[in-house]
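Reader: I would like to learn how to read a few features of a model. Please keep it brisk.

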Amino acid sequence: MARLGVLYGRLLEGLMAIACLLVLAMMLMIVADVFLRNAGAQGLAWSNEVSEDILYLVTLLSAPWLLRQGQHIRVDILLKALPRTLAWGMEWIGDLIGLACCLYFVWYGTTVTLASYAAGSISIKTLVLPEWWLLAPMPIAFALFGIEFLFRMHRLAVGERGARDEAVSAA
């Protein structure tokens, strides 16, 4: 299981690197658009739409890595105040709810993506793209989220009984 965890961690690091490159590309695209418009040229008409799509992808690519690092959104003030074994149980409940939500979004995202593909739906804005291209990353990202919740539960099972210390706390 440890070897699988290391390999999975590398996958998430690779996805985070892609997210960082996308942010860099978005920044360069916006700079080029602003420069061209200020120089009197037409600019990049598609840059706003592509920026929106990049923000969506960056969120989906980076979120599982953030969860793994303990940097995802977490309010742990109650967990720190509870007895260690009760806090440990609450961690389990939180992970189980997180996993259930991820499984739902994998199912829903897959259903919507396949329906869009079958219907031949098109997204028509500045760019004209098959809608399923925009929908397909969602179930994949939530599957990765779900896998990370399974790894979190494994770490809970073999670790010390108590609230996790991996997240930043105000305490």
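Author: Start with charges over rings. A charge sits over a ring if NZ of Lys or CZ of Arg is within 6 Å of the ring centre and within 35 degrees of the ring normal. Here Arg-161 lies over the face of Trp-88, at 3.9 Å from the ring centre. This is a predicted model: local features need pLDDT of at least 70, side-chain atom pairs count only at pLDDT 80 or more, and totals for chains, interfaces and linings use all residues. Residues are numbered from 1 along each chain as its sequence is written, and side-chain values use heavy atoms, with hydrogens and water left out.

Reader: Over which ring does the charged end of Arg-68 sit?

Author: The ring of Phe-151, 5.3 Å from its centre.

Reader: How do I read helix packing?

Author: Two packed helices are described by the angle between their axes and the distance between the axes. Helices are DSSP runs (H or I, at least four residues), numbered from the N terminus. Axes are lines fitted to C-alpha atoms over the stretch in contact, and angles run from 0 to 180 degrees between N-to-C directions. Helix α2 (residues 47-69) and helix α6 (residues 137-158) pack at about 5°, axes 9 Å apart. The two are therefore roughly parallel (angles under 35 degrees).

Reader: Which residues of α2 meet α6?

Author: Contact means heavy atoms within 4.5 Å. Tyr-56, Leu-57, Leu-60, Ala-63, Pro-64, Leu-67 and Arg-68 in α2 meet residues of α6, including Phe-142, Phe-145 and Phe-151.

Reader: And aromatic pairs?

Author: A pair of aromatic rings is described by the distance of the centres and the angle of the planes. Rings of Phe, Tyr and Trp (its six-membered ring) pair if their centres lie within 6.5 Å; planes under 30 degrees apart count as stacked, over 60 as edge-to-face and the rest as tilted. The whole structure has eleven aromatic pairs. Among them, Trp-132 and Trp-133 are edge-to-face, at 6.4 Å and 85°. Phe-142 and Phe-145 are tilted, at 5.7 Å and 35°.

Reader: Where do Phe-142 and Phe-145 lie?

Author: Both are in helix α6, three residues apart, about one turn of the helix. They also belong to one aromatic cluster with Tyr-104, Phe-105, Trp-107, Tyr-108 and Phe-149.

Key
Angles under 35 degrees count as roughly parallel, over 145 as roughly antiparallel, 65 to 115 as roughly perpendicular and the rest as oblique.
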